[in-house]
Structure formats: C-alpha cells, structure tokens
Amino acid sequence: MTETPGHDVPATADLYDEHEEALQSCDLQLRQYGGRTAFRGTISTVSCHQDNALVKAALAEPAEGRVLVVDGGGSLHTALMGDLIAASAVEHGWAGVVINGCVRDAAVLGTLDLGVKALGSNPRKSAKSGAGERDVIVRFGGVEFLPGRTLVSDDDGVVVLPA
C-alpha cells in the first residue's frame, strides 16, 4: 500500500482497491486548500448553512487528529472557514476539514499544516448566530459521514472507511 510521505496516510486509491464498494468515495470534486494534502482521522461533523459559529466552536476544541466534516449545503455564497479559524484548528490538533461549501483566505490556508478541502472560495463572511447541528450524520457527494468513522483524503479524493 502506498503511503503519503510524512503523514502515514494510505493512498485513497489503494484503500479503494482493498475495500472496493464497501468503501464510500465522495463524488464531489472538492478543491485542495490546506498545506497538508493528505490527511486522515476520526470524523466529527457540523451541519450549517451560511453560518460558521459551530465550525469555529468545534475547531477550538482539542481534536487529537480528528477531521471535521462540514455540510454547508453546497452554498458558495459565504465562507464557512478562513485563516483564523483554520489556525485555531492547527493549534488544537485537527488533521483536516472537509467542507461542502466555501473557505476564504485561500493563500494563507495553503501555508498551514492542516488538510482543507472545499467546493471553492469566497471572501464573503458568514453569519455567526450558531444555527446548525453538531455530531449528526451528514450526507453529500454520495457519502454518509458518520461521526466516529475514519475519513482519508488525498489528491485523488475523500473516502470513508467501512465500520
């Protein structure tokens, strides 16, 4: 099995070859924004729409290498994470963030030791009222992201390992 240098992350293509259809592979063509291009960890989730208060709160908690999966409903209207929240994620030990929505401060995100995948970027800030839910099952790109499962991401895509 091929591993990405420096991060002990198995290649998603090799994982697919090993698990085939038991492995969930995200169909969304997410862009790579973070300085860490391959990452893996236990899934935590946030479901929100154009409001990043729960994202900020989650990424300010100790993570021990977890991955935050954010379902922003695919909205490209506002960014759900920028450089300050991403820096907090690095400080608190998050391995990565996968966002069905937008980020901002893209140039800075690329300098941080954090995996970041998102649909796109938009400089517009989001609301901060706290609307949404945490640690719920989120679904996008043909994948069901369950808190507690293992996510692996690299340049080929995002996969969720079978239980």
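These legends accompany close-up views of a predicted model.

**View 1. T12 in helix α1.**
T12 sits in helix α1, which spans residues 12–19. Its relative accessibility is 5%, so T12 counts as buried. Beyond residues up to four places away in sequence, T12 touches V152, S153, D154, D156, G157 and V159.

**View 2. The largest pocket.**
The largest pocket holds about 250 Å³ of space. Its lining is made of 14 residues, and N52, L84, I85, R104 and K128 are the closest to the pocket centre. Sorted by class, the lining of the largest pocket has 6 charged, 5 nonpolar and 3 polar residues.

**View 3. The second largest pocket.**
About 150 Å³ of space lies in the second largest pocket. Its lining includes S25, C26, L28, Q29, L30, R31 and Q32. K117, D155, D156, G157 and V158 also line this pocket. Strands β4 (31–32) and β14 (157–160) each supply at least two of the lining residues. The classes divide into 4 nonpolar, 4 polar and 4 charged. D156 and G157 belong to this lining and also touch T12 of View 1.

**View 4. The R40–D8 salt bridge.**
The whole structure contains 5 salt bridges. One of them joins the side chains of R40 and D8, at 3.4 Å from N to O. This pair links distant parts of the chain, 32 residues apart. R40 lies in strand β5 (residues 39–47), while D8 lies in the loop between β1 (3–4) and β2 (9–10). R40 has a relative accessible area of 36% and is therefore partly exposed. D8 is also partly exposed, at 43% relative accessibility.

**View 5. The D105–R104 salt bridge.**
The side chains of D105 and R104 meet in a salt bridge, with an N to O distance of 3.7 Å. D105 is partly exposed, its relative accessible area being 29%. R104 counts as partly exposed too, at 23% relative accessibility.

**View 6. The R139–E144 salt bridge.**
Side chains of opposite charge can pair when their charged atoms come close. Here R139 forms a salt bridge with E144, and the closest N and O atoms are 2.9 Å apart. R139 has a relative accessible area of 53%, over the 50% cut-off, so R139 is exposed. E144, at 28% relative accessibility, counts as partly exposed.

Key:
Residues are numbered from 1 along each chain as its sequence is written. This is a predicted model: local features need pLDDT of at least 70, side-chain atom pairs count only at pLDDT 80 or more; totals for chains, interfaces and linings use all residues. Side-chain values use heavy atoms; hydrogens and water are left out. Helices (H or I, at least four residues) and strands (E, at least two) are DSSP runs, numbered from the N terminus. Buried means under 20% relative accessible area, exposed over 50%, partly exposed in between (1.4 Å probe, protein chains only). Contact means heavy atoms within 4.5 Å. On a 1 Å grid over the protein atoms alone, a cavity is a set of points where a 1.4 Å probe fits but cannot get out, and a pocket is an open set with protein on both sides within 12 Å along at least five of seven lines; lining residues have an atom within 4 Å of a point. Grid points are joined across faces, edges and corners, and a volume is the space filled by probe spheres set on the points. Ala, Val, Leu, Ile, Met, Phe, Trp, Tyr, Cys and Pro count as nonpolar, Asp, Glu, Lys and Arg as charged, and the others, Gly among them, as polar. A salt bridge is a side-chain nitrogen of Lys or Arg within 4 Å of a carboxyl oxygen of Asp or Glu.
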